Amino acid sequence: MTQKESLNEKIEKILAEESAQAEQRSWRGKLKRIWRAESRKAAFKAELFAIGRGLSKKALFTLFLIVAFVFALTFSVL
């Protein structure tokens, strides 16, 4: 005999799935995924590329300006 899931069980299951997905998308979830990976270097590289794909052109340009500015400041000190 099979029993149908009650409404509360279905809601509980959906909430658990959503919280697991939210954990995977969070900063802590990304760090856990990198830490548990067999090759941490490859996992870190994959996460960086995923972050880069999610950025707009304006955000990429802003990051470029920040890096260039910091490089110019440190280069002038040397």
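**Figure 1. Ala20 in helix H1 of the predicted model.** Ala20 is found in helix H1, which covers residues 7–25. The structure shown here and in the following views is a predicted model. With a relative accessible area of 39%, Ala20 is partly exposed. The view also takes in Leu78, which stands 58 residues from Ala20 in the sequence. In space, the C-alpha atoms of Ala20 and Leu78 are 48 Å apart.

**Figure 2. Ala22, a further residue of helix H1.** Helix H1 also holds Ala22. Ala22 counts as partly exposed, at 37% relative accessibility.

Figure 3. Is Ile34 buried or exposed? Its relative accessible area is 14%, so Ile34 is buried, the limit for this class being under 20%. When neighbours within four places in sequence are left aside, the residues in contact with Ile34 are Arg40, Ala43, Phe44 and Glu47. For Glu47, which is 13 residues from Ile34 along the chain, the separation between the two C-alpha atoms is 8.1 Å.

Figure 4. Glu47 belongs to helix H3, which is made up of residues 40–54. The relative accessible area of Glu47 is 14%, and the residue is buried. Which residues does Glu47 touch, not counting those up to four places away in sequence? They are Lys30, Arg33 and Ile34. With Arg33, the side chain of Glu47 also forms a polar contact of 3.0 Å.

**Figure 5. Leu65 in helix H4.** Leu65 lies in helix H4, formed by residues 57–77. The residue is partly exposed, its relative accessible area being 42%. Lys45 is shown together with Leu65, at a separation of 20 residues along the chain. The C-alpha atoms of Leu65 and Lys45 are separated by 22 Å.

**Figure 6. The protein chain as the setting of the close-up views.** The protein chain contains four helices and zero strands. Read from the N terminus, the order of its elements is α-α-α-α. The radius of gyration of the chain is 21 Å, whereas the globule rule gives 12 Å for 78 residues; the chain is therefore more spread out than a compact globule. The C-alpha trace spans about 75 × 30 × 20 Å along its principal axes. Of the 78 residues in the chain, 5% are buried, and among the buried residues are Ile34 and Glu47.

**Figure 7. Surface and charges of the protein chain.** The chain carries 15 positive and 8 negative charges. How far apart are the mean positions of the positive and negative charges? The distance between them is 12 Å.

Note on methods. Residues numbered from 1 in each chain as written. Predicted model: local features only at pLDDT ≥ 70, side-chain atom pairs only at ≥ 80, totals over all residues. Heavy atoms only, no water. Helix = DSSP H or I, 4+ residues; strand = E, 2+ residues; numbered from the N terminus. Rg over C-alpha atoms; globule rule 2.2 N^0.38 Å. Buried < 20%, exposed > 50% of the residue type's maximum accessible area, 1.4 Å probe, protein only. Lys, Arg positive; Asp, Glu negative; His and termini not counted. Charge placed at Lys NZ, Arg CZ, Asp CG, Glu CD. Polar contact = N/O pair within 3.5 Å; in protein donor to acceptor, adjacent residues only side chain to side chain. Contact = heavy atoms within 4.5 Å.
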